[in-house]
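Please look at the structure shown below before reading on. The report that follows goes through the parts of the model and the places where they touch.

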Amino acid sequence: MTLGIEIENLTVRYPGVTAIDDLTLKLEGGKIYGLLGRNGSGKTTLLSLIAAFRRVTEGAILVDGEAPFENERLTQQICLVRESGDIVVDGDSVKGILRRSRRFRPHWDDEFAHRLLDLFQLPLNRGVAKLSRGQKSALGITVGLASRAPLTMLDEAYLGMDAPSRYAFYDVLLEDYIENPRTIILSTHLIEEVARLFEEVVIIDRGRLVAHDDTESLRMRGAAVVGPAAAVDDFTTGMTVLGEQRLGGTKSVTVYGEIDPDARAVAADWGLELSPVALQDLFVHLTKGDRA
Amino acid sequence: MFDDRSPIYHQIAEAIKNDILSGALGADEQVMSTNQYAAYYRINPATAAKGFQQLVDEGVLYKRRGIGMFVSPDARDMLLSQRRERFFADVVEPMIAEARVIGIPLDDVVARIQTLKGRESA
C-alpha cells in the first residue's frame with residue numbers, strides 16, 4: 001500500500017518570513033522521492049505539514065485524498081522522522097521506544113526493528129539520553145523504517161551518523177523498499193550519496209517549488225560540453241553557464257537548459273561531447289541566491 | 001561502477017551488453033532481476049528497470065513471464081555486428097583525426113597496421 005500526496009497553493013507564514021510560498025506539488029506515490037533544498041528552504045515545514053504535525057492554514061494538503069490533520073486513519077499511515085530526533089524521547093529507553101512504536105504503528109515489523117538495531121549496534125536496554133547523536137539518528141531511522149508506514153518521510157535523518165552507517169542505512173532502505181514498496185520521501189543535502197536512490201526529485205528554494213522531475217530527466221536539463229576550447233566557447237555562447245574548466249586546449253563548460261536535437265547535431269559535427277550533469281551541480285545552480 | 005557522464009540506465013544496458021559480448025552472459029542465460037541489480041548497485045529499481053527495458057526493446061533480452069529475463073539467442077551476433085558497424089566511426093576515424101592533428105603521416109599508420117597484420121599471420 002502506498003499513499004499519494006497532493007499539495008495545492010500551500011502557504012505558511014511565520015512572523016517576518018514566508019516559509020512556504022504558494023507551493024503546488026503532486027506526488028503519485030509508491031516511489032522514493034528526494035526532497036532537496038538548502039537550509040531554511042522550507043523542507044522541514046513542508047514535511048511537518050504533510051505529517052499533520054501542524055495545521056494547514058492557507059492552501060491544502062491531501063494525502064490519499066484526505067486532509068491529514070487530526071485524521072487518525074491517516075496519521076497511523078504516515079511516519080515522519082525529523083533530524084531533531086523527536087521520535088526519540090530522552091526519558092525513554094531504546095526498548096521503550098520500540099514498544100510504543102509497536103502499539104501505534106499498524107504495519108510495525110518487530111523482527112526488522114531488531115535487525116536494524118543490530119545493524120546500527122544499538123543496545124536495547126540503553127537509555128536514550130545516553131545515546132550519541134549518531135545513535136539517536138540511527139534509532140530514529142530504525143523506527144522510521146520498521147514502522148513500514150505507507151508514507152514514510154525521513155528528514156535529514158542521518159545527522160551525526162558516520163559514512164559506513166549512512167551507507168548501511170541507504171542499503172537497508174533500498175532493500176526494504178523493494179520488498180515493501182511504499183512512498184518514501186528523503187530530505188537531504190548529501191545529494192551525491194543518495195541521488196541514485198531517487199526515482200523523482202523535488203527541489204524547493206525559499207518555500208517555492210523550483211523543480212520536480214524524474215532524476216534522469218532532471219539531470220538531462222543540464223549538460224557538460226567538452227571539446228576544443230574555441231569550439232566549446234562558440235557553442236555555449238548565449239547559454240546559461242554553470243561553470244567551466246580548462247585543461248590545455250580542452251575545455252569543459254557546464255550549461256543549464258534544454259539542448260535541442262539540432263544543437264546536438266551541431267555539437268557532434270564540431271567534435272564536441274555532451275553529457276548529463278551531476279544532480280549536485282544542478283541543485284547548486286537552481287538554489288543559489290544572494291543570501292548568506 | 002556508474003558515473004555522471006550518461007544516463008544511469010544507459011550505463012546499465014551497456015554493462016550488460018559488454019557481459020554478453022565477452023561471453024560472461026551466454027545465450028538463453030538468465031540475467032539478474034532488476035531488483036537484485038538495484039540492490040547490488042545501490043540504485044533505484046525504476047532506473048534499473050528502464051535499463052533492462054531498453055535491452056528488451058532492442059531484442060538483446062527477452063522476458064519469460066513470472067520467471068525473469070534472459071539473453072536472446074542471437075544477442076551476441078547482433079551486438080557484434082553493431083559494434084563492427086560502429087568500429088570505423090568510433091575507432092578508426094578518430095585515430096586518423098588524431099594522427100592528422102599531431103602530424104603523423106597516414107602512410108606511417110598504414111605501415112604500422114601492415115606490420116601488425118604480418119605478425120598476426122606469421
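## Domains, chains and their contacts

In chain B, the side chains of B:Glu14 and B:Arg83 come together in a salt bridge, with 3.6 Å between N and O. As with everything described here, this pair belongs to a predicted model.

How many salt bridges does the rule find across the interface of domain 1 of chain B and domain 2 of chain B? The rule finds one salt bridge there, and it also finds three residue pairs in polar contact, with both residues at pLDDT 80 or more.

The next place to look is where chain B meets chain A, with 17 residues of chain B in contact with 18 residues of chain A. About 1,500 Å² is buried between the two chains, and carbon and sulfur atoms give 54% of this area. Within chain B, the residues that lose the most area to chain A are B:Asp4, B:Arg42 and B:Asn44, which together account for 43% of what that side buries.

The count between chain B and chain A is one salt bridge, and the side chains of B:Arg42 and A:Asp171 meet in a salt bridge with 2.5 Å from N to O. Four residue pairs in polar contact are also found across this interface, both residues of each pair being at pLDDT 80 or more. The elements of chain B that give two or more residues to the side touching chain A are α1 (8-22), α2 (34-41) and α3 (45-57). The residues of that side divide into nine nonpolar, four polar and four charged.

Chain A also has two assigned domains, domain 1 (5-217) and domain 2 (221-275), and their C-alpha centres lie 38 Å apart. A search of the whole structure finds 24 salt bridges over all chains, including one in which the side chains of A:Glu200 and A:Lys31 meet at 2.6 Å, N to O. This pair links distant parts of the chain, since A:Glu200 is in strand β8 (residues 200-205) of chain A and A:Lys31 is in the loop between β2 (17-27) and β3 (32-36) of chain A, 169 residues apart.

| Residue pair | Distance, N to O |
|---|---|
| B:Glu14 and B:Arg83 | 3.6 Å |
| B:Arg42 and A:Asp171 | 2.5 Å |
| A:Glu200 and A:Lys31 | 2.6 Å |

Key:
Residues numbered from 1 in each chain as written. Chains lettered and ligands numbered in written order. Predicted model: local features only at pLDDT ≥ 70, side-chain atom pairs only at ≥ 80, totals over all residues. Heavy atoms only, no water. Salt bridge = Lys/Arg side-chain N within 4 Å of Asp/Glu carboxyl O. Polar contact = N/O pair within 3.5 Å; in protein donor to acceptor, adjacent residues only side chain to side chain. Contact = heavy atoms within 4.5 Å. Buried area = accessible area lost by both parts, 1.4 Å probe. Helix = DSSP H or I, 4+ residues; strand = E, 2+ residues; numbered from the N terminus. Nonpolar A, V, L, I, M, F, W, Y, C, P; charged D, E, K, R; others polar. Domains from an automatic or database assignment.
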